[in-house]
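Subject: Two-chain model for you to look over

Dear colleague,

I am handing over the structure we spoke about, and my notes on it follow below. Please open it alongside this message and read the two together.

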Amino acid sequence: MELQLGLPLFYFLLLGFAILMYVLLDGFDLGVGILYPWFNSDAEHDHLMRSVSHVWDGNETWLVFGGVILFGAFPAAYAAIASSLYLPIMLMLIGLIFRGVSFEYRFKSHSSKIWWNRAFAIGSSLAAFCQGLMLGMLVQGVDSSGLQASSLQGLTPFSLFCGLAVMAGYALLGCTYLTMKSRGAIQQKAARYGQRLLLFVMLSMLLVSLWTLYSQADIRARWFGSVYSLALMLLPLSAILCARLLFRDLGRVQRQFAAAADINNRHESRPFWLAAALFLLAFAGLVVGLFPYLLPRQLSFYQAAAPDSSLQFMLPGVLIFVPLILAYTLWGYHIFRGKVEDFEEGY
Amino acid sequence: MELDAALLSRLQFAFTVSFHIIFPSITIGLATLIAIWEGLWLKTANPVYLQLAKFWIKPFAITFGMGVVSGIVLSYEFGTNFSEFSRITGAVLGPLMAYEVLTAFFLEAGFLGIMLFGWQRVGPKLHFFATVVVAIGTWISAFWIIAANSWMHTPSGHSIVDGVFQVDSWWQVIFNPSMPYRFSHMLLAAFITATFVVLATSAWQLLHSEHKTMARKGLSMTLWLALILTPLQAFVGDLHGLNVKQHQPVKLAAMEGIWPEREAGAPLLLFAIPDKAVEKNHFEIAIPKLASLILTHDPDGELMGLKAVPANERPNVAVVFFSFRVMVGIGLLMIAVALLGAYLRWRGSLYHSRWFLTACSYLAPSGIIAVLAGWYVVEVGRQPWLVQGLVRTIDVVSPLPAERVLFSLTLFVMTYSLLFGVYLYFMRKLIKKGPPSAGQLEQQLIGVKASGYAVALAKQLKPAQEQH
């Protein structure tokens with residue numbers, strides 16, 4: 001039993017890792033895009049874009065990686081999920097296209113700059129919203145046999161709210177990223193918005209959790225019907241603790257600024273890691289509820305797994321290249337460490 | 001008329017993949033050229049090479065960006081629009097694409113940030129290294145995606161269990177019979193595409209801008225490249241054609257416009273209008289026996305024609321036939337330009353022949369048109385099969401309602417049309433603006449340790465502290 005499940009389980013975990021990396025990394029740069037309309041001046045917008053322009057491409061690659069791992073390791077799940085989530089995927093792609101090209105065109109434009117600002121903000125928001133929507137649709141269950149049904153079938157209050165919640169979560173990540181990478185007024189604004197977003201995100205997490213537990217009996221049983229229930233309670237408790245620390249750190253950043261005190265770097269970068277931890281905990285909670293399904297209640301990872309020949313073929317690639325990718329990605333972030341300097345020229 | 005979801009899905013895929021291929025075709029070659037210029041600058045310290053690199057890195061960046069965003073679409077479109085195809089071939093094609101992401105996409109994205117934005121953060125040598133890695137990343141990416149595509153033309157190394165493909169030999173899947181030819185043909189095509197974009201721009205700059213030194217260098221280098229690459233491409237293309245004859249004879253028959261079941265001493269058709277209703281050509285202009293000579297190396301050699309298979313196993317002959325002529329025509333034009341350029345260089349009048357430079361300046365899109373035409377030959381020529389001889393396209397389309405596909409297709413057509421206009425506008429703008437002058441380049445900060453960096457940092461921090 002265990003041997004048979006070994007490889008599929010490995011790819012299931014890898015898929016989870018890819019999704020998590022994507023959500024954390026593209027989360028903060030999509031978040032910067034969502035926050036964009038709340039910053040006003042051209043200089044602020046320049047700064048916001050500059051802060052992520054060297055990393056967005058690499059961050060988005062995790063989305064492609066997640067897609068192809070699903071395709072290569074779980075072809076049946078890739079086929080079922082992609083075709084049943086047709087519209088949100090297409091809209092997400094359109095959003096990603098507009099916000100992606102605006103990085104290139106905005107810095108080269110004059111009269112059309114305002115349009116690239118809009119493309120960046122709306123594209124980022126649309127992509128984030130669609131991702132949340134898809135999450136909601138998957139959790140509530142999609143009918144993969146009924147592709148012919150109405151396009152609006154999956155649009156329930158629950159999935160729409162998930163869309164908003166993911167937008168808010170990404171915006172929170174964006175705020176904590178800006179708190180780490182910026183100075184002065186932008187940092188202040190980011191910390192202030194971050195506190196408000198944090199309250200909203202925590203409320204959403206509570207609401208989505210309760211909603212799911214109320215409507216999905218099997219998930220409820222998993223959380224409360226087993227001997228592990230007590231251990232599982234560590235997840236929400238840790239989340240509350242993280243949120244508490246995060247709220248305090250963001251407050252400190254603001255007070256330090258007001259007092260013109262020496263900047264203590266710890267408080268400037270820690271919010272980002274705390275926000276990332278919040279995402280990790282939320283993701284863990286989701287996996288607890290949905291394991292071992294790729295398409296909840298319909299298709300588990302071992303049902304959808306590709307033949308061993310395919311899983312084995314990818315294995316050396318994953319074992320060699322994923323650590324390498326992590327190493328040079330980290331090195332890339334290291335090269336651009338510290339604050340984003342507005343005088344630094346691009347290419 | 002009832003809307004046909006399958007047709008719409010196919011149209012959407014054709015449209016989005018055609019749009020996408022334009023950009024990697026340019027960036028594969030351009031990344032390589034930029035790496036060469038940067039290397040030459042490091043080696044010779046001649047600022048004209050840095051000028052070339054710095055000038056072309058901007059068009060490169062917007063082209064690369066367009067390639068990235070249009071490429072992500074494709075990685076999901078297999079599943080959204082061809083779900084049954086994804087389900088049955090995922091175990092073969094998915095791992096190849098996973099390797100593409102693992103060995104190329106992350107590499108390109110990771111080092112692109114340093115290549116574009118790292119001029120001040122890393123030293124010149126490390127920057128050069130980043131550029132080389134990006135260039136190599138584009139080649140690796142081409143390798144995997146061509147392997148996957150070639151397998152759909154000449155599938156091998158697999159078996160079919162319960163209607164699902166699984167792999168017996170990865171070596172045979174990757175290096176399937178058409179892969180080496182297709183890969184060399186495509187990589188050369190990409191190099192040539194970039195070469196002609198730079199060639200045309202340099203010719204234009206020689207005529208209309210004051211950056212003559214850089215333009216001369218650009219023109220000279222690309223003409224040498226064209227002189228080597230275009231005849232080589234004709235040779236590789238011929239080999240690829242022989243490979244098609246062996247493995248996809250119906251496609252070859254469509255390319256050559258051959259209808260009879262078998263035809264000995266087939267002529268080379270310069271022009272004709274294939275008519276599938278009566279199964280013959282109209283208005284033929286032909287060179288007798290040449291097609292047989294080229295493809296069998298015997299003027300009376302026998303070739304298979306379209307009528308050897310039932311009508312429902314033939315591709316759209318007209319599309320394949322004309323696309324092939326467009327591609328070959330452009331290829332011959334490119335060879336002529338390269339030879340003419342070499343002749344003018346030998347005569348010593350290359351940089352003053354206004355007529356030649358004017359002609360060259362119109363050739364910027366020539367490579368792209370040839371690449372698109374070539375892909376239409378390849379992909380339309382495989383129809384009605386998606387995996388040659390095994391999977392029919394029509395059988396594996398997602399069972400989506402037609403309106404949904406129409407909606408997304410409309411969105412893509414609008415988005416891509418808009419963005420293509422924008423892309424051309426900015427390319428034109430960047431080319432008109434020209435490179436930073438040699439003087440400016442010397443003043444530009446390179447490396448965090450450059451003295452200018454500290455000065456600029458101090459300047460920036462000052463107003464920030466005054467706010468307190």
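Val161(B) stands opposite Val164(B) of β2(B), and the two strands form a hairpin with two residues between them, where Asp162(B) in the turn has a positive phi of about 50°. Please keep in mind throughout that this is a predicted model, and that what I describe was computed from its atoms.

Chain A contains 14 helices and two strands, while chain B contains 15 helices and eight strands. For the 347 residues of chain A, a compact globule would have a radius of gyration near 20 Å, and the value for chain A, 21 Å, agrees with that. The C-alpha atoms of chain A fill a box of roughly 60 × 45 × 45 Å along the principal axes. For chain B, with 468 residues, the corresponding expectation is near 23 Å, and the 25 Å found for chain B agrees with it; the C-alpha trace of chain B spans about 80 × 60 × 45 Å along its principal axes.

Helix packing within chain B

Two packed helices are described by the angle between their axes and the distance between the axes. Helix α1 (residues 5–44) and helix α2 (residues 47–81) of chain B have axes that come within 7 Å and cross at roughly 150°, and because angles over 145 degrees count as roughly antiparallel, α1(B) is roughly antiparallel to α2(B). The crossing of α1(B) past α2(B) is left-handed, and the residues that make this contact comprise 24 nonpolar, eleven polar and two charged.

Helix α1(B) also packs on helix α4 (residues 124–153) of chain B, where the axes come within 9 Å and cross at roughly 155°, which makes α1(B) roughly antiparallel to α4(B). This crossing, too, is left-handed. Among the residues that make the contact are Pro24(B), Ile28(B), Ala31(B) and Leu42(B) of α1(B), together with Phe128(B), Val132(B), Trp139(B) and Ala142(B) of α4(B). By class, the contact of α1(B) with α4(B) divides into 13 nonpolar, five polar and two charged residues.

Where the chains meet

The contact between the chains takes 65 residues from chain A and 64 residues from chain B. On the side of chain A that touches chain B, α3 (56–73), α4 (75–84), α5 (86–106) and α14 (308–335) of chain A each supply at least two residues, and that side has 39 nonpolar, 17 polar and nine charged residues.

One helix pair across this contact deserves a separate look, namely α5(A) and α2(B), whose axes come within 9 Å and cross at roughly 170°; the two helices are therefore roughly antiparallel to each other. The residues that make the contact include Ile89(A), Leu93(A), Leu96(A) and Phe103(A) of α5(A), and Ile62(B), Met66(B), Val69(B) and Tyr76(B) of α2(B). In this contact of α5(A) with α2(B) there are 15 nonpolar residues, three polar and one charged.

Backbone details to check

A cis peptide bond, with omega about 0°, joins Phe291(A) and Pro292(A), and Pro292(A) lies in the loop between α12 (265–290) and β1 (293–295) of chain A. In chain B, a cis peptide bond joins Gln383(B) and Pro384(B), with omega about 5°, and Pro384(B) is found in the loop between α12 (366–382) and β7 (385–387) of that chain. Finally, Arg297(A), a residue other than glycine, has a positive phi near 65°, and Arg297(A) lies in the loop between β1 and β2 (299–300) of chain A.

Conventions: Residues numbered from 1 in each chain as written. Chains lettered and ligands numbered in written order. Predicted model: local features only at pLDDT ≥ 70, side-chain atom pairs only at ≥ 80, totals over all residues. Contact = placed C-beta atoms within 7 Å. Helix = DSSP H or I, 4+ residues; strand = E, 2+ residues; numbered from the N terminus. Nonpolar A, V, L, I, M, F, W, Y, C, P; charged D, E, K, R; others polar. Axes fitted to C-alpha atoms, helices over the stretch in contact; angles between N-to-C directions. Parallel < 35°, antiparallel > 145°, perpendicular 65-115°, else oblique. Left-handed = near helix turned anticlockwise from the far one by under 90°. Pairing = 2+ DSSP bridges. Rg over C-alpha atoms; globule rule 2.2 N^0.38 Å.
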